[in-house]
Amino acid sequence: MPGPAVILKELHRLRRFIKDLETKIEQAPRQLAIQQKRLANQEEAAKAAHEHITQLALGMREKEVSIKATQAQIKKYEKQLAESGNKKEYDTLKAEIAQELVHIAKHEDAILAAMAESEEKTSKLPEVEKTTQKARTDFAQFEKDLEERLQRFAADKTRAMEEMQATEATLAEDVRTQYTRLIAAKGMDTLSGVQGKICSACYTEITSQMLSELKREMTMLCKNCGRMLYLE
Ligand SMILES: [Zn+2]
C-alpha cells in the first residue's frame with residue numbers, strides 16, 4: 001500500500017486537472033460569444049456594402065430627376081428670352097440660365113463619380129460575399145468543435161472525480177480526516193509538493209526535521225501557507 005505522499009501527489013494532480021477542466025468549461029460561453037460577434041460584424045459589413053451601392057443608385061436617380069427639371073426650367077427661360085424686349089430682363093434670364101447650367105454640370109460630375117464608385121464597390125461584392133460565407137462556415141465549425149470539446153471535458157471531469165474519490169478512499173483514516181477538513185476550508189489551496197526543502201506553493205523552506213518526517217511518510221502542514229505537504 002502506497003504511503004500518503006504518493007496518494008496526496010496523485011490527489012493534487014487530479015484536483016488541478018479537474019480545476020483546469022472547470023475553467024475551460026466556464027470559458028466556453030465567452031469564447032462562443034466572441035466568435036458570434038465576429039460573424040455578426042462580417043454580416044453587418046456585407047449588408048453595409050450592399051446598402052452603400054443602393055444609396056449610390058438612389059443618389060444618381062435623384063440627380064437625374066433634378067437635371068431633367070433644370071433642363072425644363074432652362075427651356076422656359078429660353079422661351080422668355082426669345083420673347084423679351086427688355087434689356088434688363090434679357091440679362092437676368094441669361095444669368096439664370098448660366099446658373100442652371102452650372103447646376104447641371106455639377107450634378108453630372110457627381111453622377112459620374114457615383115457611377116465609378118458604384119462599379120468599384122460592385123466589383124468587390126463577390127469578395128465580400130466569399131468572406132461572409134467563410135465566416136459562416138468558420139463559426140459553424142467552431143460551434144461544433146466547442147460542443148465536442150465540452151462533451152469531452154465533461155466526460156473527463158466525471159472520470160477524474162470518480163478517480164479522485166477512489167483515491168481519497170485509500171488515504172489512512174487520520175490523514176483523510178485532516179485532508180477533508182482542509183479541503184472544506186481551503187479548497188484548491190489544500191495541497192503542496194515539497195521540492196528539495198521548498199514548499200512549491202509558497203516557496204518557504206521547511207525544516208530538516210520536517211523533511212525527515214515527510215520522508216518517514218508522516219503528514220505535515222507547511223508552517224507558512226498551511227497546505228498539507230507531500231514529497232515530490
Ligand atoms: Zn507553503
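Which pattern does the chain follow, read along the sequence? I read α-α-α-β-β-α-β-β, with 4 helices and 4 strands in the chain. For both I took DSSP runs, numbered from the N terminus: helices are H or I with at least four residues, strands are E with at least two.

I am working on a predicted model, where local features need pLDDT of at least 70, side-chain atom pairs count only at pLDDT 80 or more, and totals for chains, interfaces and linings use all residues. My residue numbers start from 1 along each chain as its sequence is written.

**Overall form**

I looked up the extent next. The C-alpha trace spans about 125 × 35 × 25 Å along its principal axes.

**Domains**

I found domain 1 at 14-171 and domain 2 at 172-232, bounds that come from an automatic or database domain assignment. Their centres, over C-alpha atoms, are 60 Å apart. Domain 1 puts 4 residues into the contact and domain 2 puts in 5. I count two residues as in contact if their C-beta atoms, placed from the backbone, lie within 7 Å.

**Sheet**

Pairing here takes at least two DSSP bridges between two strands.

E1 and E2 run antiparallel with 2 bridges, and Gln195 stands opposite Ile198 in E2. Those two strands form a hairpin with 2 residues between them, and Gly196 in the turn has a positive phi of about 65°. E3 and E4 are also paired in the antiparallel sense, over 2 bridges.

**Leu229**

I kept coming back to this residue. Leu229 in E4 is the bridge partner of Ser192 and also of Met220. Leaving aside neighbours within four places in sequence, its contacts are Ser192, Val194, Cys199, Leu214, Met220, Leu221 and Cys222.

Leu229 also belongs to the largest nonpolar core, 12 residues including Ile7, Leu8, Tyr179 and Met228. Such a core is a set of buried Ala, Val, Leu, Ile, Met, Phe, Trp, Tyr and Cys residues joined through C-beta atoms within 7 Å. Helix H1 (4-83), strand E1 (191-195) and strand E4 (228-231) each give at least two residues to this core. H1 has the largest share, 4 residues.

**Glu217**

Is Glu217 buried, exposed or partly exposed? I find Glu217 partly exposed, because 15 other C-beta atoms lie within 10 Å. Glu217 is in the loop between helix H4 (208-215) and E3. Not counting residues up to four places away in sequence, Glu217 touches Gly3, Pro4 and Ala5. I also checked Ala154: Glu217 is 63 residues from Ala154 in sequence and 34 Å away in space, C-alpha to C-alpha.

Note on methods
Buried ≥ 20, exposed ≤ 12 C-beta atoms within 10 Å, placed from the backbone.
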